[in-house]
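Colleague: Please put the structure up. I would like to go through it by question and answer.

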Amino acid sequence: MSAAEEVVAEGHEAVEAVPKRAMTLGTGTSLLVLAALLIVPAFVKNFIIFQMTMLLIYGLAVLALNILTGGSGQFSLGQSAFYAVGAYTSAVLMEHANINYALTIPISAAVCFAFGYLFGKPALRLSGVYLALATFALATAMPQLLKLNFLEHWTGGVQGLVVTKPDAPFGLPMSQDMWLYYFTLVVTVAIYIFSVNLLRSRSGRAFMAIRDNEIAASSMGVNVALYKTLAFGVSAGITGVAGSLGAIAVQFVAPDSYTITLAISLFLGMVVGGVGWLPGSFVGAAFIIFVPNMAESISKGLSGAVFGVLLFLVIYLVPHGARQIAILGQQFVGKLRKN
Amino acid sequence: MPAMHVRLGALSAALVLAAALSTTASAQKKYDTGASDTEIKIGNIMPYSGPASAYGVIGKTEEAYFRKINAEGGINGRKINFISYDDAYSPPKTVEQARKLVESDEVLLIFQSLGTPPNSAIQKYMNSKKVPQLFVATGATKWNDPRNFPWTMGWQPNYQIESIIYAKYILKNHPNAKIAVLYQNDDYGKDYLKGFKDGLGAKTSMIVVEESYEVSEPTIDSHIVKLKATGADVFFNITTPKFAAQAIKKNAEIGWKPLHFLNNVSASIGSVIKPAGFENAQDIISSQYFMDPTDAQWKDDKAMIGWNEFLDKYYPEANRADASVMYGYVVAQGLAHVLKSCGDNLTRENVMKQAANIKDYEPAGLLPGIKVNTSATDFAPLSQLQLIRFKGEHWERFGEVLSGDVGG
């Protein structure tokens, strides 16, 4: 059995064991994708650039969930809450404190990291579906917390906050959309490289050891409590960055933007992209952005049902999501070379 | 007959003039993106899915109405191409759909995007792009702000206008009332409450209790019991249909009989009064601006007959008890009126100019005496309401048509 076949064959546990090398793309493919992402915006309309920006942003959020679930084996349905905290941190800082948008992003990351880490503490006692439920509660509570009266002065309550979109700096001849796209791309690439290296590091090995067998991990000397909360913190921090970028790209934050539907979409993106396969996060993001639009164009009244059917097809035909397709593609290319 | 000769002369002179002008007239046709000799592209964003999907009916009715217009030859010979997208009531999705409509589908304007948060999300974008965001489907007061947002216009009487009208009525007829207010804890409820307090002015102390509830609560019975305990004799009920029916029922159950003001949002006989029981709803006061299709008094009205014919032919599966169907029918006529008055000058600027220049227009379906009026400083097309009182099995209009303009 090749390594790739192993990955697909082991589907019995809740979260499969993905060897760390199978978590990323080869260097050549990565550079090719990056080149495409750099060049395409020069040839398309602003609207497409906006959609590509949203793709990167949701991709980041799915990536964060992937580190948590695919990496450390913990479930979360509460990512929308971290996303909301990141978005609101940026929006409030930009609109009330006049802080530069670029500076609000590390602040969001720090705030969300702290929030996630603290939430991870009590959640430690829970695992599997119970943890999913606890985070679900967080996601349901968040929109209502944002509406609270004593926060209304900063959050704008139900009316939300309008965010000013930044212009390209240094007088670059670029539209706002294009500038924001490249800005997002830089942040995304940085976080992607960070994530890949994190999972290859000692901490990443600890995450995966916990995912595969908690008892074995702790008897090897891994501090289970520390690494589980750390995974939560990192995941929340990255989601917060995605939230910040999302707020700037959409130019508006309101409690209704960050409901449980968003959390479920992100979860769905992760499954479709392939749990534990980092590049799949962006494929998953593309699925949650474009497939609802496709479903709507097929039938307006039944868009939900059409979306459901498409999702069924994906789950039945390629249960391991985009990763499976990538592996099949790889094997096909390998065979061609042999012949 | 000399008089006749003069007229004939004038006519022929006019004909010559018209012939001379016709060449220049065709040269004067002006178009922005989204309009051409044969077609006008109109964008629309509706929550066909998600928590507010019940309102998706409005989009379907409008689409049916434009099919009717097209079947009858279009507007000034141009067909309406109505492109309607789903945003599931989620503001980020609204932004994506609005950008798709403006930048990819290249519509002339966006009409009737629904909901306060979704419209807030795209307001800045639409105004910076200078694309009309016309007749938004929300009752918030902030859409009437032509100075800061000259490309955004509301449609229906806003919440504050309505509660000011109730406040005025209470001040005049019940100056010593003790008022209990129940409101939904969101933008809609708070907008109503603000208007009500503004209307009471110095006498806000008349409100003895303000109680709020969350949409997620299964029932509001406990709130009603609490309100009764304060001994209030006037009840202002700011609730959405499901809760309004609960409140009316509970009032009757516990024998609380205050003077009951019910917001127009829940004035539907089919979805509120009937489920709550006709006997429990007697003497409730509310207000309306269009005909309630479930109200038998309009059965033989010309507007109602026209509405029924339209539905038979273009939207037979519509639920005729749903007030949203009438709402969509009325506002679609409003857009057709604006486009018609644009003539051959279909620029975005002229669309806003014509929309801000409606005088005493009466689309079919409005209550008698209620008219659409706008001006360069008044972006609230409908700002009149008729007080109504529930008697027997239908609403009885009483008093004059009342108005009040409030800006955002």
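**Strands, chains and contacts**

Modeller: B:Lys391 stands opposite B:His394 in strand 13 of chain B. This is a predicted model: local features need pLDDT of at least 70, side-chain atom pairs count only at pLDDT 80 or more, and totals for chains, interfaces and linings use all residues. Residues are numbered from 1 along each chain as its sequence is written, and chains are lettered from A and ligands numbered from 1 in the order in which they are written.

Colleague: Which residue takes a positive phi in the hairpin of strand 12 and strand 13 of chain B?

Modeller: Strands here are DSSP runs of E with at least two residues, helices are runs of H or I with at least four, and both are numbered from the N terminus. Two strands pair if DSSP finds at least two bridges between them. Seven bridges join strand 12 (residues 384-391) to strand 13 (residues 394-403) of chain B, and the two run antiparallel. Two residues lie between these strands of chain B, and the one with a positive phi, near 65°, is B:Gly392.

Colleague: What is the radius of gyration of chain B?

Modeller: Chain B has 12 helices and 13 strands. The radius is taken over C-alpha atoms, and the globule rule is 2.2 Å times the number of residues to the power 0.38. For 408 residues the rule gives 22 Å, and chain B comes close to this, so it is as compact as a globular protein of that length: 23 Å.

Colleague: How many residues of domain 2 of chain B are in contact with domain 1 of chain B?

Modeller: Bounds come from an automatic or database domain assignment, which gives domain 1 (39-157 + 298-377) and domain 2 (159-288 + 388-402) of chain B. Their C-alpha centres lie 29 Å apart. Contact means C-beta atoms, placed from the backbone, within 7 Å. Domain 1 of chain B gives 10 residues, and domain 2 of chain B gives 11.

Colleague: Which element gives the largest share of the side of chain A that touches chain B?

Modeller: The contact takes 22 residues from chain A and 21 residues from chain B. Helix 3 (46-72), helix 11 (224-250) and helix 14 (303-317) of chain A each give two or more residues to the chain A side. The largest share is five residues, from helix 3 of chain A.

Colleague: How many residues of helix 2 of chain A are buried?

Modeller: Buried means 20 or more other C-beta atoms within 10 Å of a residue's own, exposed 12 or fewer, and partly exposed in between, with C-beta atoms placed from the backbone. Helix 2 of chain A has 13 residues and lies largely in the open, because the number buried is zero.

Colleague: Is A:Asp167 buried or exposed?

Modeller: A:Asp167 is found in the loop between strand 1 (161-162) and helix 8 (176-200) of chain A. With 12 other C-beta atoms within 10 Å, A:Asp167 is exposed.

Conventions:
Contact = placed C-beta atoms within 7 Å.
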